[in-house]
Amino acid sequence: MDYRAFTNDSLTMMYESVRGALASDDAQKAAGEKPRFQVRETSDWQEHAANLETEMLRRGMFFEIIDWSEDQGRLPL
């Protein structure tokens, strides 16, 4: 896929879609269901996200990196 051909908004939308699919899978897994999108189990998802990140960084875009760690605990405030 030629990520350079996409607009900044399109890159952001695709990246946030990866984040949404990951969140959906995590919620389904927490509910004891099989994850619908299999984001963690399918390397193409992480490769796609990495390619998006590479292009967004090349353009100097600001974005929140996807946290790929599973069941990461949160530090108390």
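1. Ground rules. Residues are numbered from 1 along each chain as its sequence is written, and side-chain values use heavy atoms, with hydrogens and water left out. As the model is predicted, local features need pLDDT of at least 70 and side-chain atom pairs count only at pLDDT 80 or more, while totals for chains, interfaces and linings use all residues.

2. The length of α2. Helices here are DSSP runs (H or I, at least four residues), numbered from the N terminus. Helix α2 covers residues 43-58, and its 16 residues should span 22 Å at 1.5 Å a residue; the end C-alpha atoms lie 23 Å apart, which agrees. The expected span is 1.5 Å times one less than the number of residues.

3. Buried means under 20% relative accessible area, exposed over 50%, and partly exposed in between (1.4 Å probe, protein chains only). The buried residues of α2 are H48, A49, L52, E53, E55 and M56. Down the helix axis they fall within an arc of 165°, so they line one face; the arc is that of the directions from the axis to the C-beta atoms. The face turned away from the buried side carries exposed S43, D44, T54, L57 and R58.

4. Leaving aside neighbours within four places in sequence, M56 is in contact (heavy atoms within 4.5 Å) with L11, T12, Y15, M61 and F63.

5. The core. A nonpolar core is a set of buried Ala, Val, Leu, Ile, Met, Phe, Trp, Tyr and Cys residues joined through side-chain atoms within 4.5 Å. The largest one has 13 residues, of which L11, Y15, A49, L52, M56 and I66 touch the most other members. Its largest share, six residues, comes from α1.

6. A salt bridge is a side-chain nitrogen of Lys or Arg within 4 Å of a carboxyl oxygen of Asp or Glu; the whole structure has five. E55 pairs with R58 (2.6 Å, N to O), and R59 also meets E55 (2.7 Å, N to O). Through shared partners, salt bridges join E55, R58 and R59 into one network. E55 is buried at 6% relative accessible area, R58 is exposed at 55% and R59 is partly exposed at 25%.

7. A link further away. D26 and R40 form a salt bridge (2.9 Å, N to O). This pair joins distant parts of the chain, with D26 in α1 and R40 in the loop between α1 and α2, 14 residues apart.

Terms used
Helix = DSSP H or I, 4+ residues; strand = E, 2+ residues; numbered from the N terminus.
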